[in-house]
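Here are a few exercises to work through with the model open beside you. Try each task before reading its solution.

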Amino acid sequence: MARGVKKLKVMTELLPQEQVDSFKAKAAVIAHPHELIVDLLRAIQSHHDWVPDDGVLLTAETLGVLPIEVEEVATFYDKIFRRAVGRRVIHVCDSICCWSIGAEMITEHLQKSLGIKLGETTADGVFTLLPTCCLGACGEAPAMMIGLTI
Amino acid sequence: MNAYPQVLFKNRRPGETVLLPEYEKSGGYQGLRKALKMSPGEVCALVKDSGLRGRGGAGFPTGIKWSFFPSSQPGDKYLVCNGDEMEPGTYKDRQLLLADPHQLLEGMAIAAYALQAPVGYIFLRYAYEDCSLRVERAVKEAIAAGYLGKNILGSGFDVELHVHRSAGRYILGEETSLLNGLEGGRPNPRSKPPFPAQRGLFGRPTNVNNVETLATVPHILAHGKVWFHNLALNPESAGTKLFGLSGHLNKPECFELPLGVTLREVVDEFGGGVRGGKKFKACLPGGASTPYLAAEHLDLMMDFDPLEEVDSRLGTAGVTVFDEDTCMVAVTRNLNQFFARESCGWCTPCRDGLATISWLLDRIEFGRGTEDDLTMLKDQVRNIKGRSFCALAEGAMGPVEALLRLFEDEIKDHIRKGCCPFKQ
Ligand SMILES: Cc1cc2nc3c(=O)[nH]c(=O)nc-3n(C[C@H](O)[C@H](O)[C@H](O)COP(=O)(O)O)c2cc1C
Ligand code: SF4
Ligand code: FES
């Protein structure tokens with residue numbers, strides 16, 4: 001009983017109950033509930049910043065699929081974070097157009113001013129700095145994305 | 001400034017998105033009205049006769065692809081719009097969706113009718129949240145106006161569109177990987193055959209087209225095949241194309257230009273010439289997987305067949321220009337790092353081969369390369385080509401092969417000098 005209550009609390013930290021219910025309702029009426037896996041992982045991530053193991057379990061339980069089926073999807077995508085990240089993820093483009101216009105210098109500068117290397121999070125847990133491939137903003141190179149904003 | 005006819009970009013204004021009333025005023029949804037008065041087969045035939053070729057990179061004739069689709073087969077059939085757009089140097093679909101997204105929806109409604117595939121998915125990459133929001137708003141407007149949803153324009157035909165937001169990885173742009181992504185499976189590619197038209201989404205017949213391809217269809221319906229054909233400067237070709245310029249140019253912007261415009265005109269007139277008054281050295285003509293063009297190619301027509309004749313490809317027409325001071329070994333190294341990182345790891349030639357090429361290019365670029373490395377580089381290319389499970393690794397070989405063909409001297413210079421000659 002006590003464990004059940006704790007579990008529920010942890011789950012609502014991952015995603016508000018209304019959203020869990022709405023995913024459950026959707027999964028119940030569509031023919032292929034797996035198609036909601038990415039949506040649900042993204043919903044958890046936008047609420048909780050990243051997807052811990054419990055997030056994988058919550059996704060599996062909500063959609064009525066196997067945890068391994070969720071995990072093999074979650075680990076494929078580079079924009080689903082299976083490890084803790086800061087509240088703001090900064091993605092710096094290192095693909096060709098940005099590279100040709102000095103992306104390496106921008107990355108250097110960001111690393112220096114944040115005091116972290118690529119792949120790391122600032123000590124206050126605010127920023128994570130990650131490299132990314134082309135963001136589709138090649139005309140405005142060098143490009144970066146903070147959260148979901150290019 | 002751009003005196004060429006504007007079709008996809010005719011309503012485009014910086015920082016604004018066209019809403020339904022303005023789209024209608026500019027002739028929007030007239031193509032759909034016309035299509036619904038024709039038979040599905042007639043619509044397919046018109047698109048085939050128009051000469052439209054796929055804008056997603058491969059340039060496959062759209063009408064021919066549609067003619068393979070088993071539209072009369074009973075049961076679920078799907079239409080998918082590929083908006084993954086993750087090939088470096090490619091940003092045209094985003095510009096189109098930000099400017100005037102109803103064109104895509106109208107094109108999808110027409111395609112759904114022509115293929116008798118009433119359920120469609122619009123697959124958009126993670127970074128394109130701005131596009132997703134605008135497309136969703138447009139879908140709502142179109143449903144309210146009766147262009148999408150049940151019984152569109154009183155025709156008795158239903159069209160249901162869903163937006164899928166992805167979560168990264170270039171390989172999702174490969175159509176079978178994309179279908180696995182939509183289904184919520186692990187998105188490695190599938191073997192072909194069976195092709196998506198036979199067994200696609202959820203095992204059902206599925207047609208996949210690029211954003212720009214679908215957005216072009218309404219204009220063909222509205223104005224006809226002769227008009228479309230005459231848009232191109234190349235008499236063998238048809239239509240306009242979005243060119244996304246980037247790299248060492250004064251004006252790295254996105255332009256709608258006729259197919260057949262010369263590379264020189266693209267670079268000098270539209271790109272504003274090479275930055276800092278420097279000379280043009282090379283470019284990627286259509287994204288990271290297309291073999292380089294060099295100065296000797298400046299007077300070529302930017303179009304599918306003319307570029308294939310010089311062992312390159314138009315690809316997505318994302319033109320990335322490099323000036324005379326650029327080291328092409330370093331460029332190729334950056335491109336190959338992208339492909340190696342984005343390899344899905346399914347097959348050995350790609351997973352291990354691209355990593356080996358990265359290692360060899362590192363050695364050469366940083367002055368540790370030998371003649372044996374050059375031999376091994378050529379060997380790797382030979383062994384990867386034609387042996388990978390999907391076209392990602394094949395595409396990755398584009399720039400490496402072109403480096404060997406056009407700039408072998410530059411590689412040898414690195415080896416001889418024991419350093420990058422451009423960093424001296
Ligand atoms: C690795 C790889 C990535 C691709 N990425 C895209 C993409 O982002 N957008 C796209 O439309 N086509 C992409 N394609 C091509 C698609 O597989 C498919 O051919 C295309 O969507 C068909 O549309 P079209 O006939 O309208 O060009 C990619 C292909 C490969 C092999
Ligand atoms: S070629 Fe590369 S991306 Fe394609 S299946 Fe093989 S490993 Fe995956
Ligand atoms: S290469 Fe950086 S946004 Fe395209």
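**Exercise 1: a covered helix**

Task: find which residues of helix 9 of chain B are buried.

Solution: Start by listing them: Val211(B), Glu212(B), Thr213(B), Leu214(B), Ala215(B), Thr216(B), Val217(B), Pro218(B), His219(B), Ile220(B) and Leu221(B) are the buried residues of helix 9 in chain B. Buried here means under 20% relative accessible area (exposed is over 50%, partly exposed in between; 1.4 Å probe, protein chains only). Helices are DSSP runs of H or I with at least four residues, strands are E runs of at least two, and both are numbered from the N terminus.

Now look at the two ends. Asn210(B) caps the N-terminal end of helix 9, with a side-chain oxygen 2.8 Å from the backbone nitrogen of Glu212(B). After helix 9 comes Gly224(B), with a positive phi near 95°.

A word on ground rules: this is a predicted model, where local features need pLDDT of at least 70, side-chain atom pairs count only at pLDDT 80 or more, and totals for chains, interfaces and linings use all residues. Residues are numbered from 1 along each chain as written, chains are lettered from A and ligands numbered from 1 in written order, and side-chain values use heavy atoms, without hydrogens and water.

**Exercise 2: around ligand 1**

Task: work out which residues come nearest to ligand 1, and which elements give two or more residues to its shell.

Solution: A residue is near if one of its heavy atoms lies within 4 Å.

Second, go through the N and O pairs (the polar-contact cut-off is 3.5 Å). The side chain of Asn82(B) has an N or O atom 3.0 Å from a ligand 1 oxygen. From the backbone, an N or O atom of Glu175(B) sits 3.1 Å from an oxygen of ligand 1, while one of Gly173(B) is 3.3 Å from a nitrogen of ligand 1.

Third, the elements: strand 4 (206-210) and helix 16 (391-406) of chain B each give two or more residues to the shell. Strand 4 of chain B has the largest share, three residues.

Note on methods: Polar contact = N/O pair within 3.5 Å; in protein donor to acceptor, adjacent residues only side chain to side chain.
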